[in-house]
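Biologist: Hey, I've got this one open on my screen. Can you walk me through it?

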Amino acid sequence: MTNGYLLELWNVSKFFPGVIANNNVNLTLKKGEILALLGENGAGKSTLVKMIYGVNQPDTGAIMWKNHEVDIRSPNQARAMGIGMVFQHFSVFETLTVLENIELGLDKAFLDTVVNLKQRVIEISKKYDLHVEPDRYVHSLSIGERQRLEILRCLIQEVELLILDEPTSVLTPQEVAGLFRVLKTLTAEGCSILFISHKLKEVTALCDRAVILRGGEVSGECTPSEETPETIARMMVGSEAELSESYPKNLTENILFETINLTLPPAHPFGCGLSNVNLQLRTGEILGIAGVAGNGQEDLLEAISGEDFRAAKESILFEGKAIGHKSAGERRKLGMAYVPTDRLGQGAVPEMSLTDNTLLTNSERLVKNGFILKQKLTQLVDKIIHVNNVKCRDRQAQAKSLSGGNLQKFIIGREVEQNPTLLICAHPTWGVDIGASSAIHRQLIALRDQGASILVVSEDIDELFIICDRITALYEGAIAPTVETSKTNIEQIGQWIAGSFNDHTEVRLKENSNAKD
(Lines give C-alpha, C1' and ligand atoms only; values in the text may rest on other atoms or scores of the structure.)
Protein backbone atom coordinates (compact mmCIF):
# COMPACT_ATOMS: atom_id res chain seq x y z
CA MET A 1 0.00 0.00 0.00
CA THR A 2 2.24 2.76 -1.30
CA ASN A 3 -0.22 5.54 -0.42
CA GLY A 4 -1.12 4.09 3.00
CA TYR A 5 -4.77 3.38 2.12
CA LEU A 6 -6.32 -0.03 2.57
CA LEU A 7 -9.55 0.95 0.81
CA GLU A 8 -10.46 3.75 -1.60
CA LEU A 9 -13.69 4.57 -3.37
CA TRP A 10 -13.36 6.68 -6.52
CA ASN A 11 -16.56 8.41 -7.72
CA VAL A 12 -18.69 5.39 -6.84
CA SER A 13 -22.36 5.63 -7.85
CA LYS A 14 -25.29 3.24 -7.53
CA PHE A 15 -28.70 3.69 -9.12
CA PHE A 16 -31.99 1.93 -8.50
CA PRO A 17 -35.25 2.57 -10.41
CA GLY A 18 -36.24 6.12 -9.55
CA VAL A 19 -33.54 6.46 -6.88
CA ILE A 20 -29.91 7.64 -6.83
CA ALA A 21 -28.61 5.71 -3.80
CA ASN A 22 -24.99 6.90 -4.12
CA ASN A 23 -23.65 9.66 -6.33
CA ASN A 24 -19.90 10.05 -7.01
CA VAL A 25 -18.83 8.98 -3.51
CA ASN A 26 -15.13 9.34 -2.71
CA LEU A 27 -13.84 7.72 0.47
CA THR A 28 -10.52 6.53 1.89
CA LEU A 29 -9.68 4.26 4.81
CA LYS A 30 -6.23 3.74 6.27
CA LYS A 31 -4.85 0.60 7.85
CA GLY A 32 -5.68 0.49 11.58
CA GLU A 33 -8.21 3.36 11.34
CA ILE A 34 -11.76 3.46 12.71
CA LEU A 35 -13.88 5.41 10.25
CA ALA A 36 -17.48 6.36 11.07
CA LEU A 37 -19.96 6.47 8.20
CA LEU A 38 -22.79 8.77 9.23
CA GLY A 39 -25.98 10.08 7.69
CA GLU A 40 -29.74 10.21 7.86
CA ASN A 41 -31.90 7.23 6.94
CA GLY A 42 -31.86 6.87 3.18
CA ALA A 43 -28.56 8.77 2.89
CA GLY A 44 -26.94 5.79 1.16
CA LYS A 45 -24.84 4.25 3.96
CA SER A 46 -26.14 0.69 3.65
CA THR A 47 -25.92 0.69 -0.13
CA LEU A 48 -22.32 1.90 0.04
CA VAL A 49 -21.10 -0.77 2.47
CA LYS A 50 -23.00 -3.47 0.57
CA MET A 51 -20.93 -2.56 -2.50
CA ILE A 52 -17.73 -2.88 -0.47
CA TYR A 53 -18.92 -6.26 0.81
CA GLY A 54 -19.98 -7.51 -2.63
CA VAL A 55 -23.76 -7.66 -2.06
CA ASN A 56 -24.25 -4.97 -4.75
CA GLN A 57 -21.91 -3.73 -7.47
CA PRO A 58 -21.33 -0.05 -8.37
CA ASP A 59 -22.81 1.25 -11.63
CA THR A 60 -19.97 3.73 -12.09
CA GLY A 61 -16.68 4.48 -10.35
CA ALA A 62 -14.02 2.19 -8.90
CA ILE A 63 -13.22 0.38 -5.66
CA MET A 64 -9.51 0.23 -4.84
CA TRP A 65 -8.17 -2.41 -2.42
CA LYS A 66 -4.50 -2.06 -1.49
CA ASN A 67 -3.89 0.19 -4.52
CA HIS A 68 -5.48 -2.25 -6.99
CA GLU A 69 -8.86 -1.83 -8.62
CA VAL A 70 -11.17 -4.71 -7.68
CA ASP A 71 -14.54 -5.97 -8.83
CA ILE A 72 -16.16 -7.49 -5.74
CA ARG A 73 -18.90 -9.74 -7.05
CA SER A 74 -20.02 -11.51 -3.86
CA PRO A 75 -19.62 -11.61 -0.07
CA ASN A 76 -17.63 -14.84 -0.52
CA GLN A 77 -15.10 -12.94 -2.61
CA ALA A 78 -15.05 -10.08 -0.10
CA ARG A 79 -14.35 -12.47 2.78
CA ALA A 80 -11.56 -14.14 0.79
CA MET A 81 -9.99 -10.69 0.30
CA GLY A 82 -10.11 -10.00 4.04
CA ILE A 83 -13.36 -7.99 4.30
CA GLY A 84 -15.89 -9.01 6.96
CA MET A 85 -19.25 -7.50 7.82
CA VAL A 86 -21.57 -7.76 10.83
CA PHE A 87 -25.09 -6.71 9.84
CA GLN A 88 -27.53 -4.95 12.16
CA HIS A 89 -29.76 -8.05 12.12
CA PHE A 90 -27.69 -11.09 13.03
CA SER A 91 -27.71 -14.11 10.71
CA VAL A 92 -27.44 -17.00 13.17
CA PHE A 93 -29.32 -20.25 13.66
CA GLU A 94 -30.65 -20.56 17.21
CA THR A 95 -30.88 -24.37 17.17
CA LEU A 96 -27.17 -24.79 16.28
CA THR A 97 -24.06 -24.36 18.40
CA VAL A 98 -21.61 -21.50 18.12
CA LEU A 99 -19.14 -23.77 16.32
CA GLU A 100 -21.77 -25.01 13.86
CA ASN A 101 -22.83 -21.44 13.06
CA ILE A 102 -19.23 -20.42 12.42
CA GLU A 103 -18.62 -23.45 10.21
CA LEU A 104 -21.72 -22.70 8.13
CA GLY A 105 -20.38 -19.23 7.32
CA LEU A 106 -17.01 -20.44 6.05
CA ASP A 107 -16.09 -21.54 2.55
CA LYS A 108 -15.07 -25.16 2.01
CA ALA A 109 -11.73 -24.08 0.56
CA PHE A 110 -10.95 -22.18 3.76
CA LEU A 111 -12.18 -24.97 6.03
CA ASP A 112 -9.82 -27.39 4.28
CA THR A 113 -6.90 -25.25 5.49
CA VAL A 114 -7.99 -25.36 9.15
CA VAL A 115 -6.69 -28.36 11.11
CA ASN A 116 -8.92 -27.92 14.19
CA LEU A 117 -11.69 -25.32 13.86
CA LYS A 118 -12.89 -25.70 17.44
CA GLN A 119 -9.41 -25.05 18.83
CA ARG A 120 -9.02 -22.05 16.54
CA VAL A 121 -12.34 -20.63 17.78
CA ILE A 122 -11.20 -21.06 21.39
CA GLU A 123 -7.83 -19.38 20.68
CA ILE A 124 -9.31 -16.35 18.90
CA SER A 125 -12.07 -15.99 21.48
CA LYS A 126 -9.46 -15.93 24.25
CA LYS A 127 -7.10 -13.60 22.39
CA TYR A 128 -9.75 -10.90 21.91
CA ASP A 129 -11.68 -11.48 25.17
CA LEU A 130 -14.80 -12.44 23.24
CA HIS A 131 -15.80 -15.09 25.79
CA VAL A 132 -17.74 -17.24 23.33
CA GLU A 133 -17.88 -20.97 24.06
CA PRO A 134 -17.95 -23.08 20.86
CA ASP A 135 -20.28 -25.79 22.21
CA ARG A 136 -23.04 -23.49 23.50
CA TYR A 137 -26.30 -23.34 21.58
CA VAL A 138 -27.06 -19.92 20.12
CA HIS A 139 -30.52 -19.75 21.71
CA SER A 140 -28.80 -19.69 25.12
CA LEU A 141 -26.65 -16.67 24.21
CA SER A 142 -27.39 -13.06 25.13
CA ILE A 143 -27.65 -10.49 22.34
CA GLY A 144 -24.13 -9.28 23.17
CA GLU A 145 -22.78 -12.83 22.94
CA ARG A 146 -24.49 -13.32 19.58
CA GLN A 147 -22.81 -10.19 18.29
CA ARG A 148 -19.44 -11.45 19.52
CA LEU A 149 -20.19 -14.68 17.63
CA GLU A 150 -20.67 -12.66 14.43
CA ILE A 151 -17.39 -10.82 15.02
CA LEU A 152 -15.62 -14.10 15.80
CA ARG A 153 -16.88 -15.52 12.51
CA CYS A 154 -15.16 -12.63 10.72
CA LEU A 155 -11.92 -12.90 12.72
CA ILE A 156 -11.56 -16.61 11.94
CA GLN A 157 -10.63 -15.58 8.38
CA GLU A 158 -8.08 -12.97 9.53
CA VAL A 159 -10.15 -10.01 8.43
CA GLU A 160 -8.35 -6.78 7.46
CA LEU A 161 -11.48 -4.63 7.20
CA LEU A 162 -14.43 -5.12 9.55
CA ILE A 163 -17.71 -3.37 8.65
CA LEU A 164 -20.13 -2.92 11.57
CA ASP A 165 -23.70 -1.78 10.90
CA GLU A 166 -25.34 -0.30 14.06
CA PRO A 167 -23.32 -2.65 16.30
CA THR A 168 -24.45 -1.20 19.64
CA SER A 169 -28.17 -0.76 19.02
CA VAL A 170 -29.17 -3.76 21.19
CA LEU A 171 -26.33 -3.87 23.72
CA THR A 172 -26.19 -2.94 27.39
CA PRO A 173 -23.71 -0.21 28.43
CA GLN A 174 -21.43 -2.93 29.80
CA GLU A 175 -21.54 -4.86 26.51
CA VAL A 176 -20.78 -1.68 24.54
CA ALA A 177 -17.66 -1.12 26.65
CA GLY A 178 -16.58 -4.71 25.97
CA LEU A 179 -17.14 -4.31 22.22
CA PHE A 180 -15.05 -1.13 22.14
CA ARG A 181 -12.17 -2.94 23.87
CA VAL A 182 -12.29 -5.63 21.17
CA LEU A 183 -12.31 -3.03 18.37
CA LYS A 184 -9.36 -1.12 19.82
CA THR A 185 -7.38 -4.36 20.12
CA LEU A 186 -8.13 -5.13 16.47
CA THR A 187 -7.05 -1.70 15.23
CA ALA A 188 -3.85 -1.87 17.29
CA GLU A 189 -3.01 -4.97 15.23
CA GLY A 190 -3.67 -3.15 11.96
CA CYS A 191 -7.30 -4.08 11.25
CA SER A 192 -9.46 -1.25 9.88
CA ILE A 193 -13.04 -0.64 11.06
CA LEU A 194 -15.91 0.93 9.13
CA PHE A 195 -18.43 1.90 11.81
CA ILE A 196 -22.05 2.83 11.02
CA SER A 197 -23.97 4.23 13.98
CA HIS A 198 -26.61 6.77 14.95
CA LYS A 199 -25.22 6.95 18.50
CA LEU A 200 -23.01 9.99 18.20
CA LYS A 201 -21.63 9.81 21.77
CA GLU A 202 -20.07 6.51 20.79
CA VAL A 203 -18.72 7.95 17.54
CA THR A 204 -16.94 10.78 19.37
CA ALA A 205 -15.51 8.31 21.90
CA LEU A 206 -14.32 5.64 19.45
CA CYS A 207 -13.75 6.84 15.89
CA ASP A 208 -10.66 8.46 14.37
CA ARG A 209 -12.53 10.09 11.49
CA ALA A 210 -16.10 10.49 10.25
CA VAL A 211 -17.52 10.82 6.74
CA ILE A 212 -21.05 12.20 6.44
CA LEU A 213 -23.48 11.30 3.65
CA ARG A 214 -26.51 13.36 2.67
CA GLY A 215 -28.73 12.38 -0.23
CA GLY A 216 -26.25 9.75 -1.40
CA GLU A 217 -23.33 12.19 -1.58
CA VAL A 218 -20.45 12.98 0.75
CA SER A 219 -21.43 16.25 2.43
CA GLY A 220 -18.63 16.56 4.96
CA GLU A 221 -15.87 15.02 7.02
CA CYS A 222 -14.66 15.62 10.56
CA THR A 223 -12.52 14.37 13.42
CA PRO A 224 -15.09 13.18 15.99
CA SER A 225 -12.83 13.79 19.02
CA GLU A 226 -12.78 17.48 18.08
CA GLU A 227 -16.57 17.68 17.81
CA THR A 228 -19.59 17.12 20.06
CA PRO A 229 -22.58 14.89 19.30
CA GLU A 230 -24.59 18.08 18.73
CA THR A 231 -22.20 19.56 16.16
CA ILE A 232 -21.97 16.26 14.28
CA ALA A 233 -25.77 16.00 14.31
CA ARG A 234 -25.99 19.45 12.70
CA MET A 235 -23.65 18.29 9.95
CA MET A 236 -25.89 15.28 9.35
CA VAL A 237 -29.33 16.87 9.36
CA GLY A 238 -28.70 20.57 8.79
CA SER A 239 -28.45 23.50 11.16
CA GLU A 240 -32.18 24.19 10.98
CA ALA A 241 -33.19 20.79 12.39
CA GLU A 242 -34.64 20.46 15.88
CA LEU A 243 -32.85 17.89 18.01
CA SER A 244 -34.15 16.01 21.04
CA GLU A 245 -33.82 17.66 24.41
CA SER A 246 -35.01 16.99 27.92
CA TYR A 247 -38.79 17.27 27.90
CA PRO A 248 -40.91 18.29 30.94
CA LYS A 249 -42.19 15.26 32.81
CA ASN A 250 -45.90 14.63 33.26
CA LEU A 251 -46.91 12.78 36.43
CA THR A 252 -50.56 11.79 36.83
CA GLU A 253 -52.56 9.50 39.13
CA ASN A 254 -55.45 8.03 37.11
CA ILE A 255 -54.64 4.44 36.00
CA LEU A 256 -55.65 3.71 32.39
CA PHE A 257 -54.08 0.31 31.85
CA GLU A 258 -52.59 -2.35 34.10
CA THR A 259 -51.42 -5.93 34.24
CA ILE A 260 -52.05 -7.97 37.37
CA ASN A 261 -49.67 -10.87 38.03
CA LEU A 262 -49.42 -11.43 34.28
CA THR A 263 -47.78 -14.83 33.85
CA LEU A 264 -47.28 -16.68 30.57
CA PRO A 265 -45.17 -19.63 29.46
CA PRO A 266 -42.87 -18.95 26.48
CA ALA A 267 -44.70 -18.74 23.16
CA HIS A 268 -41.87 -20.67 21.42
CA PRO A 269 -39.06 -23.03 22.54
CA PHE A 270 -36.47 -20.26 22.86
CA GLY A 271 -38.74 -17.65 24.41
CA CYS A 272 -38.56 -16.30 27.92
CA GLY A 273 -42.17 -16.05 29.08
CA LEU A 274 -43.50 -13.74 31.79
CA SER A 275 -43.57 -14.11 35.56
CA ASN A 276 -46.02 -12.10 37.72
CA VAL A 277 -45.68 -8.88 35.76
CA ASN A 278 -47.47 -5.98 37.47
CA LEU A 279 -47.55 -2.77 35.46
CA GLN A 280 -49.62 0.38 35.86
CA LEU A 281 -49.82 2.91 33.05
CA ARG A 282 -51.41 6.21 33.98
CA THR A 283 -53.43 8.55 31.80
CA GLY A 284 -51.32 11.07 29.90
CA GLU A 285 -47.88 9.62 30.69
CA ILE A 286 -45.08 7.83 28.90
CA LEU A 287 -43.91 4.71 30.73
CA GLY A 288 -40.62 3.21 29.56
CA ILE A 289 -39.56 -0.44 29.85
CA ALA A 290 -35.80 -0.93 29.53
CA GLY A 291 -34.08 -4.24 28.89
CA VAL A 292 -31.92 -6.27 26.56
CA ALA A 293 -33.70 -8.24 23.83
CA GLY A 294 -34.62 -11.77 24.80
CA ASN A 295 -35.80 -10.99 28.32
CA GLY A 296 -39.51 -11.25 27.65
CA GLN A 297 -40.14 -8.02 25.75
CA GLU A 298 -41.80 -9.77 22.82
CA ASP A 299 -43.94 -11.89 25.15
CA LEU A 300 -45.09 -8.76 26.98
CA LEU A 301 -45.76 -6.76 23.83
CA GLU A 302 -47.79 -9.55 22.25
CA ALA A 303 -49.78 -10.11 25.46
CA ILE A 304 -50.59 -6.40 25.83
CA SER A 305 -51.39 -5.80 22.14
CA GLY A 306 -53.58 -8.90 21.89
CA GLU A 307 -51.50 -10.81 19.36
CA ASP A 308 -51.12 -13.40 22.10
CA PHE A 309 -54.34 -13.70 24.11
CA ARG A 310 -53.48 -16.73 26.24
CA ALA A 311 -53.38 -14.53 29.34
CA ALA A 312 -56.03 -14.84 32.02
CA LYS A 313 -58.96 -12.50 31.35
CA GLU A 314 -58.52 -10.55 34.59
CA SER A 315 -54.72 -10.21 34.26
CA ILE A 316 -54.97 -7.28 31.79
CA LEU A 317 -57.23 -4.29 32.47
CA PHE A 318 -57.99 -1.34 30.19
CA GLU A 319 -60.07 1.50 31.64
CA GLY A 320 -60.96 -0.86 34.47
CA LYS A 321 -62.32 -3.60 32.21
CA ALA A 322 -60.74 -7.06 31.79
CA ILE A 323 -59.41 -7.52 28.25
CA GLY A 324 -56.99 -10.44 28.63
CA HIS A 325 -59.22 -12.59 26.41
CA LYS A 326 -59.69 -10.01 23.62
CA SER A 327 -57.94 -10.23 20.24
CA ALA A 328 -55.66 -7.60 18.71
CA GLY A 329 -58.49 -6.33 16.48
CA GLU A 330 -60.87 -5.98 19.43
CA ARG A 331 -58.27 -4.05 21.42
CA ARG A 332 -57.68 -1.69 18.50
CA LYS A 333 -61.40 -0.88 18.50
CA LEU A 334 -61.07 0.07 22.18
CA GLY A 335 -58.47 2.71 21.29
CA MET A 336 -55.20 0.77 21.53
CA ALA A 337 -52.63 1.29 18.76
CA TYR A 338 -49.42 -0.71 18.28
CA VAL A 339 -45.98 -0.12 16.77
CA PRO A 340 -44.38 -3.59 16.79
CA THR A 341 -40.72 -4.58 16.86
CA ASP A 342 -40.76 -6.23 13.44
CA ARG A 343 -41.38 -3.50 10.89
CA LEU A 344 -41.69 -5.82 7.90
CA GLY A 345 -44.12 -8.60 8.61
CA GLN A 346 -45.80 -7.23 11.75
CA GLY A 347 -45.77 -3.48 11.20
CA ALA A 348 -46.27 -3.59 7.43
CA VAL A 349 -46.79 -6.15 4.69
CA PRO A 350 -43.59 -5.94 2.56
CA GLU A 351 -45.19 -6.37 -0.88
CA MET A 352 -48.12 -4.05 -0.22
CA SER A 353 -48.11 -0.33 -0.97
CA LEU A 354 -48.05 2.35 1.69
CA THR A 355 -51.68 3.06 0.81
CA ASP A 356 -52.77 -0.53 1.40
CA ASN A 357 -50.70 -0.76 4.58
CA THR A 358 -52.47 2.33 5.89
CA LEU A 359 -55.84 0.77 5.19
CA LEU A 360 -54.94 -2.34 7.19
CA THR A 361 -55.11 -0.53 10.54
CA ASN A 362 -57.66 2.15 9.60
CA SER A 363 -60.46 0.11 8.04
CA GLU A 364 -62.96 1.19 10.72
CA ARG A 365 -62.96 4.81 9.54
CA LEU A 366 -61.97 4.31 5.88
CA VAL A 367 -64.54 1.69 4.88
CA LYS A 368 -68.28 2.42 4.70
CA ASN A 369 -70.95 -0.08 3.68
CA GLY A 370 -68.21 -2.37 2.37
CA PHE A 371 -66.66 0.31 0.14
CA ILE A 372 -63.25 1.92 0.62
CA LEU A 373 -63.39 5.70 0.97
CA LYS A 374 -60.56 6.22 -1.52
CA GLN A 375 -60.32 10.00 -1.28
CA LYS A 376 -60.05 9.92 2.51
CA LEU A 377 -57.51 7.09 2.31
CA THR A 378 -55.38 8.99 -0.20
CA GLN A 379 -55.49 12.15 1.92
CA LEU A 380 -54.47 10.21 5.04
CA VAL A 381 -51.54 8.47 3.34
CA ASP A 382 -50.28 11.74 1.88
CA LYS A 383 -50.56 13.38 5.29
CA ILE A 384 -48.58 10.59 6.98
CA ILE A 385 -45.84 10.80 4.34
CA HIS A 386 -45.66 14.61 4.48
CA VAL A 387 -45.90 15.15 8.25
CA ASN A 388 -43.35 12.44 9.01
CA ASN A 389 -41.01 13.30 6.12
CA VAL A 390 -41.09 9.73 4.83
CA LYS A 391 -38.68 9.36 1.92
CA CYS A 392 -40.38 7.19 -0.69
CA ARG A 393 -41.25 7.20 -4.37
CA ASP A 394 -44.96 7.91 -3.70
CA ARG A 395 -47.93 6.50 -1.80
CA GLN A 396 -47.89 3.40 -4.05
CA ALA A 397 -44.33 2.47 -3.10
CA GLN A 398 -44.03 -1.00 -1.58
CA ALA A 399 -43.24 -1.06 2.14
CA LYS A 400 -40.13 -3.16 1.49
CA SER A 401 -38.70 -0.46 -0.80
CA LEU A 402 -38.29 1.98 2.12
CA SER A 403 -35.21 2.13 4.32
CA GLY A 404 -35.74 0.82 7.86
CA GLY A 405 -35.84 4.30 9.35
CA ASN A 406 -38.32 5.66 6.82
CA LEU A 407 -40.59 2.65 7.26
CA GLN A 408 -40.48 3.21 11.02
CA LYS A 409 -41.49 6.87 10.56
CA PHE A 410 -44.37 5.76 8.37
CA ILE A 411 -45.62 3.11 10.85
CA ILE A 412 -45.45 5.46 13.84
CA GLY A 413 -47.17 8.21 11.86
CA ARG A 414 -49.92 5.81 10.81
CA GLU A 415 -50.57 4.74 14.42
CA VAL A 416 -50.45 8.27 15.85
CA GLU A 417 -52.97 9.45 13.21
CA GLN A 418 -55.54 7.12 14.83
CA ASN A 419 -55.51 9.35 17.95
CA PRO A 420 -55.23 6.33 20.24
CA THR A 421 -56.05 6.32 23.92
CA LEU A 422 -53.10 3.98 24.44
CA LEU A 423 -50.09 3.62 22.13
CA ILE A 424 -47.83 0.60 22.59
CA CYS A 425 -44.51 1.45 20.96
CA ALA A 426 -41.64 -1.01 20.56
CA HIS A 427 -38.16 0.37 19.90
CA PRO A 428 -39.45 3.64 18.38
CA THR A 429 -36.09 4.86 17.01
CA TRP A 430 -34.12 1.64 16.45
CA GLY A 431 -31.88 2.24 13.44
CA VAL A 432 -33.37 5.71 12.89
CA ASP A 433 -31.11 8.72 12.28
CA ILE A 434 -30.83 11.48 14.86
CA GLY A 435 -33.04 13.95 12.98
CA ALA A 436 -35.83 11.39 12.57
CA SER A 437 -35.37 10.23 16.18
CA SER A 438 -35.91 13.78 17.38
CA ALA A 439 -39.03 14.10 15.25
CA ILE A 440 -40.42 10.82 16.62
CA HIS A 441 -39.70 11.93 20.19
CA ARG A 442 -41.55 15.22 19.64
CA GLN A 443 -44.44 13.29 18.10
CA LEU A 444 -44.73 11.00 21.13
CA ILE A 445 -44.53 13.93 23.56
CA ALA A 446 -47.24 15.77 21.61
CA LEU A 447 -49.48 12.70 21.70
CA ARG A 448 -48.91 12.42 25.47
CA ASP A 449 -49.73 16.09 25.94
CA GLN A 450 -53.04 15.50 24.16
CA GLY A 451 -53.91 13.02 26.93
CA ALA A 452 -52.85 9.70 25.42
CA SER A 453 -50.92 7.11 27.41
CA ILE A 454 -47.82 5.60 25.82
CA LEU A 455 -45.91 2.45 26.71
CA VAL A 456 -42.40 2.45 25.21
CA VAL A 457 -40.21 -0.66 25.13
CA SER A 458 -36.65 0.21 24.17
CA GLU A 459 -33.06 -1.01 24.55
CA ASP A 460 -31.83 2.59 24.29
CA ILE A 461 -31.63 3.83 27.89
CA ASP A 462 -30.73 7.38 26.80
CA GLU A 463 -33.93 7.53 24.76
CA LEU A 464 -36.06 6.39 27.69
CA PHE A 465 -34.60 9.07 29.94
CA ILE A 466 -35.36 11.74 27.32
CA ILE A 467 -39.04 10.97 26.74
CA CYS A 468 -40.35 8.88 29.65
CA ASP A 469 -42.10 10.15 32.76
CA ARG A 470 -41.59 6.89 34.62
CA ILE A 471 -39.35 3.92 33.91
CA THR A 472 -38.90 0.25 34.78
CA ALA A 473 -36.95 -2.72 33.40
CA LEU A 474 -37.59 -6.30 32.32
CA TYR A 475 -35.20 -9.15 33.05
CA GLU A 476 -35.89 -12.82 32.28
CA GLY A 477 -39.63 -12.18 32.23
CA ALA A 478 -39.71 -10.39 35.60
CA ILE A 479 -40.42 -6.68 36.03
CA ALA A 480 -38.39 -4.26 38.15
CA PRO A 481 -39.97 -1.55 40.32
CA THR A 482 -41.37 1.47 38.47
CA VAL A 483 -39.77 4.79 39.38
CA GLU A 484 -40.06 8.40 38.25
CA THR A 485 -37.35 9.04 35.66
CA SER A 486 -36.17 12.10 37.57
CA LYS A 487 -35.55 9.98 40.70
CA THR A 488 -33.20 7.43 39.14
CA ASN A 489 -30.19 7.38 36.80
CA ILE A 490 -28.76 5.44 33.87
CA GLU A 491 -26.41 3.46 36.11
CA GLN A 492 -29.26 2.10 38.25
CA ILE A 493 -31.41 1.22 35.25
CA GLY A 494 -28.33 -0.45 33.73
CA GLN A 495 -28.13 -2.64 36.83
CA TRP A 496 -31.84 -3.44 36.63
CA ILE A 497 -31.62 -4.63 33.02
CA ALA A 498 -28.86 -6.99 34.16
CA GLY A 499 -31.22 -8.41 36.81
CA SER A 500 -30.01 -6.54 39.92
CA PHE A 501 -33.37 -5.67 41.45
CA ASN A 502 -35.33 -7.20 44.33
CA ASP A 503 -37.73 -6.36 47.16
CA HIS A 504 -35.04 -4.28 48.91
CA THR A 505 -34.78 -2.08 45.82
CA GLU A 506 -38.51 -1.42 45.88
CA VAL A 507 -38.46 -0.55 49.60
CA ARG A 508 -35.54 1.83 49.10
CA LEU A 509 -37.34 3.62 46.24
CA LYS A 510 -40.46 4.09 48.39
CA GLU A 511 -38.37 5.44 51.25
CA ASN A 512 -36.64 7.91 48.92
CA SER A 513 -39.99 9.02 47.51
CA ASN A 514 -41.47 9.53 50.98
CA ALA A 515 -38.43 11.49 52.10
CA LYS A 516 -38.79 13.88 49.13
CA ASP A 517 -42.51 14.26 49.74
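Biologist: Let's start with Thr 488: buried or exposed?
Modeller: Thr 488 is buried, because its relative accessible area is 12% and the cut-off for buried is under 20%. Keep in mind that this is a predicted model.

Biologist: Where is Thr 488 found?
Modeller: Thr 488 is in a loop, between strand S23 (483-484) and helix H18 (490-496).

Biologist: And which side chain does Thr 488 make a polar contact with?
Modeller: That would be Gln 492: the two side chains are joined by a polar contact of 3.3 Å.

Biologist: What else does Thr 488 touch, leaving out residues up to four places away in sequence?
Modeller: With those left out, Thr 488 touches Phe 465, Ile 471, Val 483 and Ile 493.

Biologist: Val 483 is on that list. Which strand is Val 483 in, then?
Modeller: Val 483 lies in strand S23. Val 483 counts as buried, since its relative accessibility is 6%.

Biologist: How far is Val 483 from Gly 329?
Modeller: Their C-alpha atoms are separated by 32 Å, and along the chain the two are 154 residues apart.

Biologist: OK, zooming out. How many helices and strands are there in the protein?
Modeller: The protein has 19 helices and 23 strands.

Biologist: What about the radius of gyration, and what would a compact globule have?
Modeller: The protein has 24 Å, and a compact globule with 517 residues would have a radius of gyration near 24 Å, so the two agree. If you want box dimensions, the C-alpha atoms fill roughly 70 × 55 × 45 Å along the principal axes.

Biologist: How much of the protein is buried?
Modeller: Buried residues make up 53% of the 517. As for the surface, the protein exposes about 22,700 Å², and carbon and sulfur atoms supply 49% of that.

Biologist: And the contacts, what share comes from residues 24 or more positions apart?
Modeller: That share is 67%, counting contacts in the protein with a separation of 6 or more.

Biologist: How many positive and negative side chains are there?
Modeller: There are 52 positive and 66 negative ones, and the centres of the two sets lie 3 Å apart.

Biologist: Back to single residues. What's up with the phi of Lys 66?
Modeller: Lys 66 has a positive phi, about 55°, although it is not a glycine. Lys 66 sits in the loop between strand S4 (60-65) and strand S5 (68-70). Lys 66 counts as partly exposed because its relative accessibility is 30%.

Biologist: And what phi does Asn 369 have?
Modeller: Asn 369 has a positive phi of about 55° and is not a glycine either. Look for Asn 369 in the loop between strand S17 (367-368) and strand S18 (371-372). Asn 369 is exposed, because its relative accessible area is 70%.

Biologist: Now Ala 36. Where is that one found, and is it buried or exposed?
Modeller: Ala 36 is found in strand S3, residues 34-39. Ala 36 is buried, as its relative accessible area is 0%.

Biologist: What does Ala 36 touch, not counting residues up to four places away in sequence?
Modeller: Ala 36 touches Phe 195, Val 203, Cys 207, Arg 209, Ala 210 and Val 211.

Biologist: Which residues is Pro 248 in contact with, leaving aside neighbours within four places in sequence?
Modeller: Pro 248 is in contact with Arg 448 and Asp 469. There's also Ile 466, which is 218 residues apart from Pro 248 in sequence and 9.3 Å apart in space, C-alpha to C-alpha.

Biologist: Last one: where's Ser 142?
Modeller: Ser 142 is in the loop between helix H5 (117-127) and helix H6 (143-155). Ser 142 counts as partly exposed, since its relative accessibility is 28%. The C-alpha atoms of Ser 142 and Val 182 are separated by 17 Å, and the two are 40 residues apart along the chain.

Note on methods
Residues numbered from 1 in each chain as written. Predicted model: local features only at pLDDT ≥ 70, side-chain atom pairs only at ≥ 80, totals over all residues. Heavy atoms only, no water. Helix = DSSP H or I, 4+ residues; strand = E, 2+ residues; numbered from the N terminus. Rg over C-alpha atoms; globule rule 2.2 N^0.38 Å. Buried < 20%, exposed > 50% of the residue type's maximum accessible area, 1.4 Å probe, protein only. Contact = heavy atoms within 4.5 Å. Areas by Shrake-Rupley, 256 points an atom, 1.4 Å probe, with all protein chains shown as cover. Lys, Arg positive; Asp, Glu negative; His and termini not counted. Charge placed at Lys NZ, Arg CZ, Asp CG, Glu CD. Polar contact = N/O pair within 3.5 Å; in protein donor to acceptor, adjacent residues only side chain to side chain.
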